[in-house]
Each structure stands twice: as C-alpha cells, then as structure tokens.
Amino acid sequence: MARRELAEINAGSMADIAFLLLIFWLVTTTIDSDEGIKRQLPPPVPPDIDVPQAKEQNVFNVKVNFLDELLVEAEPLDIEDLKDKAKDFLIATGDGIMAHPVGRETVGKNREVVLVTGANGKTNAAFPERLWVRKVDVKQRIAEYEAFVAAAEDDNRRKNYTKVLASWEDKLATIELLDGDYKELPPSALISMQNDNATTYDTYLQVQNELQSAVNELRDELAVAKFGRTYKELEDLYDRNTEDGELLKKIIAVRSVYPQRISEAEPREGSTYY
Amino acid sequence: MATISTASLPDIVFMLLFFFMVATVLRTEEEKVRLIRPEASELYKIEKKHLIRYVNIGVPMDRRYGTEPVMQLNDAFSSPEMIQDWVSTERLTLAESEQSKMWVSLKVDKDTKMGIVTDVKQELRKASALKVLYSASGRERTQSGN
C-alpha cells in the first residue's frame, strides 16, 4: 500500500482573504476624533438679577453680524487682524506697552500697540489698566489672612479665608517663578463676543479660535521665555502626572499673567430664531 | 529561479488589520444630519472618552425631514427643549463621582446659522451642563503680524 503524501495546504490565498477583511474594516469604520475648542458656559442667570456692566475700557467687544462681518471695538475688522488686536488688548497696560519682566528682559516690550486717545484725554482709553502685583503687598496680605484663618471662629469662615489665602499664595509663587513683580488684568477685564442669530457657525468658531489663539500664543511666549516649554507642553506634562506640584505652579503662573477671559454675551431677549 | 515565499504575507496583513481594529474608534451612533466640521487650530482633546455626550446639529441627511438645520440627540431628532431631560438621563449613565465631569460635544455643521446653536447652548446652561466642546478638525494656526 502506497503511503499517502501529506498534501500541503496552499496558503497563497490567505493574504487575499486578510486583505479583504482589512479593506472591509477600513471602509466601514470612521475615525472619529474628539477634538474641538473647549468652553465653559456661564451658569444660568436668574431673570431678576441685573448683570453688572464692566468699565468700557476693560471689555474687548467683538460683534459678528448676520453677514459674518466683524465689528471689533466699534470698528469693522478683518478676521485675519483679530488675533493681533486681541493680543494688544491682553498685553497693553494703562501707561502704554505692557508687560511682565522675565529675568532681565521684558516680554512684549517691543510690541507696537496703537494707543487710542479717549474723550477724557487719556491715551489708554481702549485698554484695561493692568495692576501691579508686588511682592511686598502680597506678603502682607498672606500674613493678614494667615492671622484670619488662625482666628476664625467657625469652619465656614475658616474655609473661606483659606481659599483667599491660597489665591494670594499662588500669586506669591507666581512672582517667585517670574523673578519679579508682574501686572495683572483687572478682574472685570474680558473679551466679550456677541453674534447674530444668522451668523454662520463657521464664522463663530473662527472668531472663537482666533481669540483663543491670542491667549495661547501669549501664554506660549511667556512659558517658553521662562520655562523653556510651550504652555501646551506644560499642560500635557501635567495631565500625565497630576502630582507634580512644581509644574502646576508654573501653569498657574502663566495663567495669572494671561487669564482666559473669553465670554459670550447673553443673547438678546425677544429675538426670533427661525 | 527561486520564488520568494509569500507564506508570511497573511501574517503581515493580519497584523495591519489588528492594528486598525485597535486604533480606530467605532462610531456608536448613526449621524442623521449632514456634518462638515469647521476647521480650527486651538484644539483640545478629551482623553476620557466615556465622559463625552454628543449633540449633532445640521441639515437632515434625509430630505424628507426638511432642509432646515435640526438637532439630533442619540439617534433621534429633537427640539432644544428636550436637552434638559436628556442631560439628566445621560448624567445617570455615569458613575456618581464623574457626573459633574460630563462633557457635551457640539458637532455642528459649519454652514448652520447660530440661532439654533444659541438655543441649544441656553438649554445646556439651564441644565447646568456647562462644559462644552465645539467639535472641529485641525488646521495650522494663522500667522500673526506681530
């Protein structure tokens, strides 16, 4: 009896089968990335409360009309110029050009900011006045609040005082990290955006993007000059290791100089959308 | 002449297949509206995908539902007033400790008018779902003059 030869299975077509599977998968799946511009919406405002109006020079007004045209600080503007204008707003100080000293250099020193003379004859009418945060003052405040915390009678008060104390301690850390006093935007300073109901979403998002870009570029500039990394790199590093307190301090320092202050105006009442 | 052995070719292709299967995310819901996302440069990527809930806004794919932009929640068209209920049900699907960390990703077609988007945002505020992400695809930063 002849011994049967063990026939080898031809595997040549396996590749074709696998290719078919691969192509099927490629066609049916969509790569869905969850990326976008993040925003924190303001909490709802009760109807009977008047929203306090900020000083006009402290608000950078961006309005977009139904033809997708921009009105920035009451003047028409191309969207290409929006970022620079927003940067000017964020770095300008009352007395001319900003900014915060970084080592022996001053970041943003050579930036030319077009100063606008206001009705009151002051040349800083279009910009918020940055206020000095000085080491001496901050130290004094910290001492005050430490005393308050120690003397606090109930837990509730102690909690509140501790919160304020922590914010002053952040400021002190910022001064130390930046090697000197810095100027901070007044609390009411903000970039305000208002759109029409017929504005297209694309334009809306481009405006949001340019404003965010202004903040991010300034933050990057400071972070690179001071810490040798862009702000985004700092944040990414921190995301990977949230126990790194030093890194968090650096991030807070950059944020205190250039806070994120982009807000959206309340939609006007009585407008019809459809 | 010796032929090159192709025996390992299936293995290579299978590896490719597995790579794609692992690397891609399956879309969980069907998009019923036309969505062309705007482009932006200042993007933020949410790492914890299970915290994201989606709201789609755009013109319906199926012409029978009209040519005006509509909002899609989960798999159905809804009106903006439905958002508050939707937010509270979606919150319950998350672990208690993560309920306040929910993100709402607004996927809006770039040609949509802002009216409906504003409505949706107002409803989200009322529902205290304040963390939103305006979904966009990437592009380079615009060059600034300074």
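Across the interface of chain B and chain A, 20 residue pairs are in polar contact, with both residues at pLDDT 80 or more. Polar contact here is a pair of N or O atoms within 3.5 Å; within protein, one must be able to donate a hydrogen and the other to accept it, and residues adjacent in sequence count only if both atoms are side-chain atoms.

A quick word on the ground rules, friends. This is a predicted model, where local features need pLDDT of at least 70 and side-chain atom pairs count only at pLDDT 80 or more, while totals for chains, interfaces and linings use all residues. Residues are numbered from 1 along each chain as its sequence is written, chains are lettered from A and ligands numbered from 1 in the order in which they are written, and side-chain values use heavy atoms, leaving out hydrogens and water.

Back to the interface. There are three salt bridges between chain B and chain A, a salt bridge being a side-chain nitrogen of Lys or Arg within 4 Å of a carboxyl oxygen of Asp or Glu. A:Asp220 and B:Arg141 form a salt bridge, with their closest N and O atoms 3.6 Å apart.

How many residues does each chain bring to the contact? Chain B gives 60 residues and chain A gives 55 residues, contact meaning heavy atoms within 4.5 Å. The area buried between the two chains is about 5,400 Å², and carbon and sulfur atoms give 56% of that. On the chain B side, B:Met114, B:Arg125 and B:Tyr134 lose the most area to chain A, together 14% of what that side buries. Buried area is the accessible area (1.4 Å probe) that two parts lose on being put together, summed over both.

Now to the sheets. Helices (H or I, at least four residues) and strands (E, at least two) are DSSP runs, numbered from the N terminus, and two strands pair if DSSP finds at least two bridges between them.

Here is one that uses both chains: seven strands form an open sheet in the order E2(B)-E1(A)-E7(B)-E6(B)-E3(B)-E4(B)-E5(B), with mixed pairing. At its edges stand E2 and strand E5 (76-78) of chain B, each pairing on one side only. Helix H3(B) packs on this sheet, touching E3, strand E4 (70-73), E6 and E7 of chain B, and its direction makes about 170° with that of E6(B). Such axes are lines fitted to C-alpha atoms, for helices over the stretch in contact, and angles run from 0 to 180 degrees between N-to-C directions.

Where do the chains meet in that sheet? Strand E1 of chain A (residues 35-40) runs antiparallel to E2(B), joined by two bridges, and A:Gly36 has B:Tyr44 as its bridge partner in E2(B).

Chain A has a sheet of its own, an open one of five strands in the order E4-E3-E2-E9-E10, again with mixed pairing. Strand E4 (75-77) and strand E10 (262-264) of chain A each have a single partner strand, so one side of each is left without a neighbour in the sheet. The twist averages 30° from one strand to the next.

Let's walk through the pairs. E2(A) and E9(A) run parallel, joined by six bridges, while E2(A) and E3(A) pair in the antiparallel sense over three bridges. Take A:Val62: its bridge partner in E9(A) is A:Met193, and in E3(A) it is A:Val72. A:Met193 in turn stands opposite A:Glu264 in E10(A). Finally, E2(A) and E3(A) form a hairpin with five residues between them, and A:Asp68 in the turn has a positive phi of about 65°.
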